Amino acid sequence: MTDTSDEPVAVILAGGQGSRLWPISRDRRPKQFQPVVGGRPLLTGTIERLTEIVDPSRIHVSTRARFADAARATLGPVPAENLILEEDPAGPATAFALGIATLAHKYGNAPALIAPSDHLITEDEAFNQASRDMLAQLATSPESMVVLGAEPTGFDGSLGYIHTKGEGGPVEVITSFFEKPDPATIDELGDDGSLYWNTACYGVRVQQACDAYRAAMPIVFDAIQRFTADRPDVSGYRGAAIGGHELYPLLAAGMECLVVPRHLGWSDIGTWKRLEQVLAEDDQGAIGPALQLESDDVLVASMDGRPVVTLGATGLVVVAHEDAVYVLDKKKALDPGTLAHLRSLLAASTREDLL
């Protein structure tokens, strides 16, 4: 441990594959490293927001070793040695554990923000103020976990929900979490309290979070701590994984869970359907340069900057990378199960490199 100050620290989780947004998100370069919205990689936008609150030298990025080069090209002011690598995808709880163990080793019991790399925030100042409020709450109740909650703009069964008693105020006590609930559950909960989308942006005191994970999985967490004491930016973690949701160890330890509710212009850009909604809200018909003539219901994404022209096309997704152009039936692309089947067909071919 080299630093025990109360200055905030942060970990950005950037190891996901993003397969539901394939072929924008590919095996060698997932969506967090791609300019999906705003002309910049999603990870770059996340770093830029966090640097308003946390010194860049105290921001760490957790990702897979195979994405290390893509991550280093996207770090901006964050030092390259602040990468935390894992060899194989071991799930969000393992990435969370690697993050907090690294922070504990370097900074002691500092207040920490843990954020996903690939979410869209259109109201940066609202996000920044919410993050400051989360850190302020940790100063008031250091043994709590604080979650940033986005006020829902409608029902979305692919997201996680937070339920409170609806007491109002800048901070509310969380009564329960629900992952991907059905509409009937949401209607019932909405009649008794308040509901917020779980943005997966968390605030914790590092040592409290480590103690919770150690209590839940002592042998695995000890192995993770030994790994983080070395050079996690050079060789990836190969040890045992922690299954389940990243919050489960904290909940099992009995940590008080609070939510800071905000209107953020937030979106988890995890699927083609959600990306299409985001582009429509911004009055954009495409990502990158595109010219669509007498075309209807076509979504174009030029990820390499080449102009894409569609003539008389209907119901397509067209994605251009530097090494390949993908043309998909739009209905099939918008259905996660069918999209997974299309990926499996390519995986079984001789061009698995195009996954």
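Predicted model: local features only at pLDDT ≥ 70, side-chain atom pairs only at ≥ 80, totals over all residues.
Trainee: Let's start with the helices. Why are H3 and H7 called oblique to each other?

Mentor: Look at the angle. H3 (residues 92-107) and H7 (residues 218-228) pack at about 55 degrees, with axes 9 Å apart. Angles under 35 degrees count as roughly parallel and 65 to 115 as roughly perpendicular, so H3 and H7 come out as oblique. As for the hand, H3 passes H7 in a right-handed crossing.

Trainee: Which residues of H3 and H7 make that contact?

Mentor: From H3 you have Thr 94, Ala 97, Leu 98, Ile 100, Ala 101, Thr 102 and His 105, and from H7 Phe 221, Ile 224, Gln 225, Phe 227 and Thr 228. Sorted by class, the contact of H3 with H7 has seven nonpolar, five polar and no charged residues.

Trainee: What makes H3 oblique to H6?

Mentor: The axes of H3 and H6 (residues 206-216) cross at roughly 130 degrees and come within 9 Å. Roughly perpendicular stops at 115 and roughly antiparallel needs over 145, so H3 is oblique to H6. Here the hand is left: H3 passes H6 in a left-handed crossing.

Trainee: And what is the make-up of the contact of H3 with H6?

Mentor: On the H3 side there are Ala 93, Phe 96, Ala 97, Ile 100, Ala 101, Leu 103 and Ala 104, meeting Val 206, Gln 207, Ala 209, Cys 210 and Tyr 213 of H6. That divides into eleven nonpolar, one polar and no charged.

Trainee: How do you know that H6 and H7 are oblique to each other?

Mentor: By the angle again. H6 and H7 pack at about 130 degrees, with axes 5 Å apart. Over 145 would be needed for roughly antiparallel, so H6 and H7 are oblique too. Cys 210, Tyr 213, Arg 214, Ala 215 and Ala 216 of H6 touch Pro 218, Phe 221, Asp 222 and Gln 225 of H7. The classes in the contact of H6 with H7 are six nonpolar, one polar and two charged.

Trainee: On to charges. What makes Arg 343 and Asp 27 a salt bridge?

Mentor: The N to O distance is 3.5 Å, and the rule asks for a side-chain nitrogen of Lys or Arg within 4 Å of a carboxyl oxygen of Asp or Glu. The pair qualifies, and Arg 343 and Asp 27 are both buried.

Trainee: Why is the pair said to tie together parts that are apart in sequence?

Mentor: Because Arg 343 lies in H11 (residues 336-347) while Asp 27 lies in the loop between E1 (9-13) and H1 (42-50), and those parts are 316 residues apart in sequence.

Trainee: How many salt bridges does the rule give?

Mentor: The count comes to 22. Among them, Glu 48 and Arg 40 meet at 2.1 Å, N to O, and Glu 125 and Arg 132 meet at 3.5 Å, N to O. There's also a network that links Arg 26, Arg 28, Glu 322 and Asp 323.

Trainee: Why does Glu 48 count as partly exposed?

Mentor: Buried means under 20% and exposed over 50%. Glu 48 has 38% relative accessibility, so it counts as partly exposed.

Trainee: What makes Val 259 buried, then?

Mentor: Its relative accessible area is 0%, and the cut-off is under 20%. Val 259 is found in E10 (residues 257-262). Beyond its neighbours in sequence, Val 259 touches residues including Val 147, Ile 162, Val 171, Ile 174 and Tyr 196.

Trainee: Is the peptide bond from Trp 22 to Pro 23 cis or trans?

Mentor: Cis, with omega near 10 degrees. Pro 23 is in the loop between E1 and H1.

Conventions: Residues numbered from 1 in each chain as written. Heavy atoms only, no water. Axes fitted to C-alpha atoms, helices over the stretch in contact; angles between N-to-C directions. Helix = DSSP H or I, 4+ residues; strand = E, 2+ residues; numbered from the N terminus. Left-handed = near helix turned anticlockwise from the far one by under 90°. Contact = heavy atoms within 4.5 Å. Nonpolar A, V, L, I, M, F, W, Y, C, P; charged D, E, K, R; others polar. Buried < 20%, exposed > 50% of the residue type's maximum accessible area, 1.4 Å probe, protein only. Lists of a residue's contacts leave out its neighbours within four places in sequence.
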